[in-house]
Amino acid sequence: IADLGASADATNNRRFYTTPDIALVKQGAAKFLTIAIGSGWRAKPTDTVVTDRFYVLRDSHWGSAPASYTKLTESNLVDVTDNLDAADIASAITGGKSGWYITLEHTGEKALSSSVTVNNQVIFSTYSPETSSSSCSAAQGTGRTYVVSVFDGTPTINFDSVVSNDPNNLTKEDRSVALQRSGIPPEATVLFAPDPVVLIGPEMPLSDLPFGDIAQRTYWYQEEE
């Protein structure tokens, strides 16, 4: 489906160890599958040479398998690392692009676990190794949690402002928040009862995540007289 990592250049030699996150998404009258996955060298988490990225591909063949695939490369995607213009990104995708990607910009930052898509938002965690350490303490690095729109990679939560979720005051820094616990973070887990919450290991960094009118899990049982 896509070739996003193979390169003789060490900087662009991205590796994928996680399971892709597949979601059926509807935007207006269009319905499509999204394939979300981040790159990261799991066998060497302290690497700072590779420039890792997070990708969301679009596949319009949601009802039946296509006869064949045209292999996608980064040239088929929109680089939204510095682009927060949703209309501009939508125009590029309508004009023939097949998704988008974000460059992970912290030193050595990489995605080492699968993402999860909830209410048109992609949630994933990353790890950045310590760039320096002393002999007196272990270098455990920093974990981060990202929450972005599945449509265009724009932030959906105002993480760095006191004005919570102000849609007119979002910057690219609002895509993520640093976790309190150091080390490599696990993937996000969504719990639905009694109210939906997101956990990254034991932390709940997304208490104000907009879930919208999301379906609730229900259970029933039958009593026999």
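Trainee: How many bridges pair β6 with strand β7, residues 121-128?

Mentor: This is a predicted model, so treat each value as computed from it. β6 and β7 pair in the antiparallel sense. Within that pairing, valine 116 stands opposite isoleucine 123 in β7. The number of bridges between β6 and β7 is three.

Trainee: What is the order of the four strands in the open sheet that holds β6?

Mentor: The pairing in this sheet is antiparallel. β6 (116-118) and β9 (176-182) each have a single partner strand, so they stand at the edges and one side of each lacks a neighbour in the sheet. Neighbouring strands are turned by 30° against each other on average, direction ignored. The order is β6-β7-β8-β9.

Trainee: Is asparagine 120 buried, partly exposed or exposed?

Mentor: Asparagine 120 has 31% relative accessibility. Buried would need under 20%, and exposed over 50%. So asparagine 120 counts as partly exposed.

Trainee: Which residue in the turn of the β1 and β2 hairpin has a positive phi of about 65°?

Mentor: Seven bridges join β1 to β2, and the two strands run antiparallel. Valine 25 has phenylalanine 32 in β2 as its bridge partner. Two residues lie between the strands of this hairpin. The turn residue with the positive phi is glycine 28.

Trainee: In β5, what is the bridge partner of valine 56?

Mentor: Look at the pairing of β3 and β5. These strands run in the antiparallel sense over five bridges. The partner of valine 56 in β5 is tryptophan 100.

Trainee: Why is the pair of phenylalanine 16 and tyrosine 55 classed as it is?

Mentor: The structure holds four aromatic pairs. In this one, the ring centres are 6.1 Å apart and the planes stand at 55°. Stacked needs planes under 30 degrees apart, and edge-to-face needs over 60. The angle falls between those limits, so the pair is tilted.

Trainee: How many residues apart in sequence are the parts that this pair ties together?

Mentor: Phenylalanine 16 is partly exposed at 32% relative accessibility, whereas tyrosine 55 is buried at 0%. Ring pairs also link Phe16, Tyr55 and Tyr101 into a cluster. Phenylalanine 16 lies in the segment before β1 and tyrosine 55 in strand β3, so the pair ties together parts whose separation is 39 residues.

Trainee: Is the pair of phenylalanine 54 and phenylalanine 124 stacked or edge-to-face?

Mentor: Phenylalanine 54 lies in strand β3 and phenylalanine 124 in strand β7, 70 residues apart. Both residues are buried. Their rings are 3.8 Å centre to centre, with 0° between the planes. The pair is stacked.

Trainee: Which element gives the largest share of the lining of the largest pocket?

Mentor: The largest pocket has about 320 Å³ of space. Of its 17 lining residues, the closest to its centre are Arg58, Asp59, Ser60, His61 and Ser98. The elements giving two or more residues are β2 (30-38) and β3 (53-59). The largest share, four residues, comes from β2.

Trainee: How many charged residues are in the lining of the second largest pocket?

Mentor: This pocket has a volume of about 190 Å³. Of its 13 lining residues, the closest to its centre are Glu105, His106, Tyr146, Lys172 and Glu173. β5 (99-103) and β8 (142-149) are the elements that give two or more residues to the lining. By class, the lining has three nonpolar and four polar residues, and the number of charged residues is six.

Technical notes: Residues are numbered from 1 along each chain as its sequence is written. This is a predicted model: local features need pLDDT of at least 70, side-chain atom pairs count only at pLDDT 80 or more; totals for chains, interfaces and linings use all residues. Side-chain values use heavy atoms; hydrogens and water are left out. Two strands pair if DSSP finds at least two bridges between them. Axes are lines fitted to C-alpha atoms, for helices over the stretch in contact, and angles run from 0 to 180 degrees between N-to-C directions. On a 1 Å grid over the protein atoms alone, a cavity is a set of points where a 1.4 Å probe fits but cannot get out, and a pocket is an open set with protein on both sides within 12 Å along at least five of seven lines; lining residues have an atom within 4 Å of a point. Grid points are joined across faces, edges and corners, and a volume is the space filled by probe spheres set on the points. Ala, Val, Leu, Ile, Met, Phe, Trp, Tyr, Cys and Pro count as nonpolar, Asp, Glu, Lys and Arg as charged, and the others, Gly among them, as polar. Rings of Phe, Tyr and Trp (its six-membered ring) pair if their centres lie within 6.5 Å; planes under 30 degrees apart count as stacked, over 60 as edge-to-face and the rest as tilted. Buried means under 20% relative accessible area, exposed over 50%, partly exposed in between (1.4 Å probe, protein chains only).
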